[in-house]
Amino acid sequence: MPTRRAVRPCRSDTVLRVQPRDVLLAVNAAFSRRDAAAMVERFAPDAVATDHRQGGLGTWRGREELLAYYAGICDVAKEIREDMEIVSEHGGVVVADCTFHARLTDDGPAEELSLPYGLVAVVRDGLIQELGVHQDAEAAAQAASTPETSWAPQSSSDAGGSTL
């Protein structure tokens, strides 16, 4: 008669948690691969992205608008590299210092176009809920700390990341 092995019960605390910074870094990696669809998968279905820079490009709501926006950038650029440094993280709010580099022509240099900016991302349930593009990391950090914005985490469960 075969022996039975004891089966360990599955515990919910063994599920890997996704940290908010990892969500933003995954979007960054997809952007650098020019994979707009993979970027948008990391946004909530009703996510909002707003360009707050002077002369900003606008606001995009939902995955369909975000996909159209990011696909347009990815289609125009021959090569993209987004340098990103996470400068702060509190709960589900991540602030990053970024520089976008793009080669726009077949024979152009890798950094034919370079644009520095700061990002604020609000991450809940492993997805970006809100993304703000700011003039620089300092402006992004200031926006993240402004009580009038919706950047503050909505519950204490946001502090430890999200489970997938």
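How many bridges join strand 5 to strand 6? Ten bridges do so, and the two strands run antiparallel. The legends below concern a predicted model, in which local features need pLDDT of at least 70, side-chain atom pairs count only at pLDDT 80 or more, and totals for chains, interfaces and linings use all residues. Residues are numbered from 1 along each chain as its sequence is written, and side-chain values use heavy atoms, with hydrogens and water left out.

**View 1. Overall architecture of the chain.** The chain contains four helices and eight strands; helices (H or I, at least four residues) and strands (E, at least two) are DSSP runs numbered from the N terminus. Read from the N terminus, the order of elements is β-α-α-β-β-α-β-β-β-β-α-β. Of the 164 residues, 38% count as buried, a term for under 20% relative accessible area, with exposed meaning over 50% and partly exposed in between (1.4 Å probe, protein chains only).

**View 2. Strands 5, 6 and 7.** Strand 5 spans residues 93-103 and strand 6 spans residues 113-124. Phe100 stands opposite Leu115 of strand 6. Strand 6 also pairs with strand 7 (residues 127-134), in the antiparallel sense and over seven bridges; pairing requires that DSSP find at least two bridges between two strands. Gly118 has His134 of strand 7 as its bridge partner. Two residues separate strand 6 from strand 7 in their hairpin, and Asp125 in the turn has a positive phi of about 55 degrees.

**View 3. Hairpin of strands 2 and 3.** Four bridges pair strand 2 (residues 43-51) with strand 3 (residues 58-61) in the antiparallel sense. Thr59 in strand 3 is the bridge partner of Thr50. Six residues lie between the strands of this hairpin, where Gly55 adopts a positive phi near 75 degrees.

**View 4. Negative surface patch.** Glu85, Asp97, Asp136 and Glu138 gather in a patch of negative charge on the surface. Such patches are made of residues with over 30% relative accessible area and no salt bridge, like charges being joined within 9 Å; a salt bridge is a side-chain nitrogen of Lys or Arg within 4 Å of a carboxyl oxygen of Asp or Glu. Glu138 belongs to helix 4 (residues 137-145) and is exposed, because its relative accessible area is 64%.

**View 5. Ala26 and Arg42.** Ala26 is located in helix 1 (residues 20-32). With a relative accessible area of 26%, Ala26 is partly exposed. Ala26 and Arg42 are 16 residues apart in sequence, and their C-alpha atoms are 7.8 Å apart in space.

Note on methods: Patches are made of residues with over 30% relative accessible area and no salt bridge: like charges are joined within 9 Å, nonpolar side chains (Val, Leu, Ile, Met, Phe, Trp, Tyr) within 5 Å. Accessible areas come from the Shrake-Rupley method with a 1.4 Å probe; for residues, only the protein chains shown count as cover. Lys and Arg count as positive and Asp and Glu as negative; His and the chain ends are not counted. The place of a charge is taken as NZ of Lys, CZ of Arg, CG of Asp or CD of Glu.
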